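Subject: Structure handover

Dear colleague,

Please find below the structure I am passing on to you. My notes on it follow.

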Amino acid sequence: MRDQVQPIGIYYGETTDDAGRVQYLNKNLGLNKAQHLVLGYDHRINNYLHAKLEGYYQHLYNISRK
């Protein structure tokens, strides 16, 4: 499990609406979170050859879509 802080510019980026008001859309943005799962298999066939197989899964959550 991992948490990630975004670059400072993401939190303080501003936008202006049609009325000319400045808004900070990401002011209360929290940490992005992820869970990673890796499963691997390594088989030595002989002294010169081996087979390796890996699967990777990532689940992202608490991701802002603004």
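A salt bridge here is a side-chain nitrogen of Lys or Arg within 4 Å of a carboxyl oxygen of Asp or Glu. By that rule, K33 and D3 form a salt bridge, and their closest N and O atoms are 3.3 Å apart. The pair links distant parts of the chain, with K33 in strand β4 (residues 32-46) and D3 in strand β1 (residues 2-4), 30 residues apart. Helices (H or I, at least four residues) and strands (E, at least two) are DSSP runs, numbered from the N terminus.

Before the rest, a word on the source. This is a predicted model, in which local features need pLDDT of at least 70 and side-chain atom pairs count only at pLDDT 80 or more, while totals for chains, interfaces and linings use all residues. Residues are numbered from 1 along each chain as its sequence is written, and side-chain values use heavy atoms, with hydrogens and water left out.

Overall form

Read from the N terminus, the order of elements is β-α-β-β-β-β. The C-alpha trace spans about 70 × 20 × 20 Å along its principal axes. The radius of gyration of the protein is 21 Å, whereas a compact globule of 66 residues would have one near 11 Å. That radius is taken over C-alpha atoms, and the globule rule is 2.2 Å times the number of residues to the power 0.38.

How much of the protein is buried? Of its 66 residues, 9% count as buried. The cut-offs for relative accessible area are under 20% for buried and over 50% for exposed, with partly exposed in between (1.4 Å probe, protein chains only).

The sheet

Three strands form an open sheet in the order β1-β4-β5, with antiparallel pairing. The edges are taken by β1 and β5 (49-61); each has a single partner strand, so one side of each is left without a neighbour in the sheet. From one strand to the next, the twist averages 30 degrees. For such angles, axes are lines fitted to C-alpha atoms (for helices over the stretch in contact), and the angles run from 0 to 180 degrees between N-to-C directions.

Two strands count as a pair if DSSP finds at least two bridges between them. In general, strands of a sheet pair through backbone hydrogen bonds, either parallel or antiparallel. Here β1 and β4 run antiparallel and are joined by three bridges. Q4 stands opposite N32 in β4, and D3 stands opposite K33 in β4.

Q35 has H59 in β5 as its bridge partner, and L37 has Y57 in β5.

Salt bridges and exposure

How many salt bridges does the structure hold? There are three. The side chains of E54 and K52 meet in another, at 3.9 Å, N to O.

K33 is partly exposed, with a relative accessible area of 24%. R21 is exposed, at 54%. E54 and K52 are both exposed.

A nonpolar patch

I45, Y48 and L49 make a nonpolar surface patch of about 400 Å². Patches are made of residues with over 30% relative accessible area and no salt bridge; like charges are joined within 9 Å, and nonpolar side chains (Val, Leu, Ile, Met, Phe, Trp, Tyr) within 5 Å. Accessible areas come from the Shrake-Rupley method with a 1.4 Å probe, and for residues only the protein chains shown count as cover. L49 lies in strand β5 and is partly exposed, with a relative accessible area of 48%.

The helix

G9 is found in helix α1 (residues 8-11). G9 is partly exposed, with a relative accessible area of 48%. G9 and A19 are 10 residues apart in sequence and 24 Å apart in space, C-alpha to C-alpha.

Regards
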